[in-house]
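Me: I've got a structure to go through. Can we take it piece by piece?
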Amino acid sequence: GGGNSTTPSLRNVQKFLQTKDGTQITSQESKVSENGIVVEELVKSSIKLSDNPTNSQSVRLGTANTAVVKEMTFELSTNTLKEFASAFGVEKEFEVVVTSKEAEQNQKTNYARQDLYLEGFDVFSVNISVGRDVIDSFANPAELTFDISDVNYNKNDLKIYYFSETNGTWVKAGDGGTVAGNKISVQVDHLTDFGIIREVSE
């Protein structure tokens with residue numbers, strides 16, 4: 001046993017926000033450290049929808065301590081929120097959890113990566129739940145954006161992939177996303193673990 005040195009320590013920051021349409025968001029950011037090193041960063045946002053959502057809602061996570069990527073943003077469009085509202089009602093609280101941490105062993109293998117580079121071996125996951133229901137796919141896509149300003153390679157080689165539990169490999173998310181300046185964005189209609197793959201062979 002390593003004594004108490006590996007006990008994860010947590011640090012929490014809370015934020016409250018209400019958009020013009022009356023939707024309320026409460027966010028709590030936390031960092032998990034082991035031996036003084038941040039191993040996981042996450043933000044948990046509770047979204048209470050208004051009767052008629054007219055604003056998109058973004059959940060941001062600063063990821064500089066755990067990843068090459070500086071920040072990740074998950075944006076739910078107005079249409080996605082309306083879809084949620086009609087499926088579950090507006091009195092419900094939707095919990096969105098965005099996490100940044102190191103890839104699992106099975107996500108790092110040559111087989112999983114198909115011999116491509118998984119940038120920083122970093123994995124970003126998004127989970128949405130309403131009470132006990134998990135929302136892992138939706139008709140109206142949401143948008144994932146990563147700040148890649150600290151990536152020192154040709155940014156045009158970067159694509160966003162998701163990890164397919166079914167076949168144990170990384171699969172391109174949609175068209176892999178669009179790079180504009182120091183950001184890469186992609187539309188997604190299902191939620192899982194995402195990573196940034198550099199599409200050059202090792």
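Me: How many bridges join strand 10 to strand 14, and which way do they run?
Reply: Seven bridges join strand 10 (residues 137–147) to strand 14 (residues 183–190), and the two run antiparallel. Strands here are DSSP runs of E with at least two residues, helices are runs of H or I with at least four, and both are numbered from the N terminus. Two strands pair if DSSP finds at least two bridges between them.

Me: Before more of that, what kind of model is this?
Reply: This is a predicted model, where local features need pLDDT of at least 70, side-chain atom pairs count only at pLDDT 80 or more, and totals for chains, interfaces and linings use all residues. Residues are numbered from 1 along each chain as its sequence is written, and side-chain values use heavy atoms, with hydrogens and water left out.

Me: What is the mean pLDDT?
Reply: The mean is 90, and 93% of the residues reach 70 or more. pLDDT is the predictor's confidence in each residue, from 0 to 100.

Me: Where does pLDDT stay under 50?
Reply: Over residues 1–5. The model has one contact beyond four places in sequence for that stretch; contact means heavy atoms within 4.5 Å. Where pLDDT is low, the predicted coordinates should not be read in detail.

Me: Back to strands. Which residue in strand 14 is the bridge partner of Glu143?
Reply: Gln187. Asp147 has Lys183 as its bridge partner in strand 14.

Me: In what order do the five strands of the open sheet come?
Reply: The order is 4-5-10-14-13, with antiparallel pairing. Strand 4 and strand 13 (178–180) are the edges, each pairing on one side only. Neighbouring strands are turned by 20 degrees against each other on average, direction ignored. Axes are lines fitted to C-alpha atoms, for helices over the stretch in contact, and angles run from 0 to 180 degrees between N-to-C directions.

Me: Which helix packs on the sheet?
Reply: Helix 1 (residues 78–88) does, touching strand 4, strand 5 (71–76) and strand 10. Its direction makes about 140 degrees with that of strand 10.

Me: How many bridges are there between strand 4 and strand 5?
Reply: Six, in the antiparallel sense. Leu61 stands opposite Met72 of strand 5. Strand 5 is joined to strand 10 by four bridges, again antiparallel.

Me: Switching topic. What does strand 6 pair with?
Reply: Strand 6 (residues 93–102) pairs with strand 3 (residues 37–48) over nine bridges, antiparallel. Strand 6 also pairs with strand 8 (residues 122–130) over nine bridges, antiparallel. Thr99 has Leu42 as a bridge partner and Ser125 as its partner in strand 8.

Me: Last one. Which strands each supply at least two residues of the largest pocket's lining?
Reply: Strand 1 (9–18), strand 2 (24–34), strand 3 and strand 4 (57–62). By class, the lining has five nonpolar, three polar and three charged residues.

Key:
Ala, Val, Leu, Ile, Met, Phe, Trp, Tyr, Cys and Pro count as nonpolar, Asp, Glu, Lys and Arg as charged, and the others, Gly among them, as polar.
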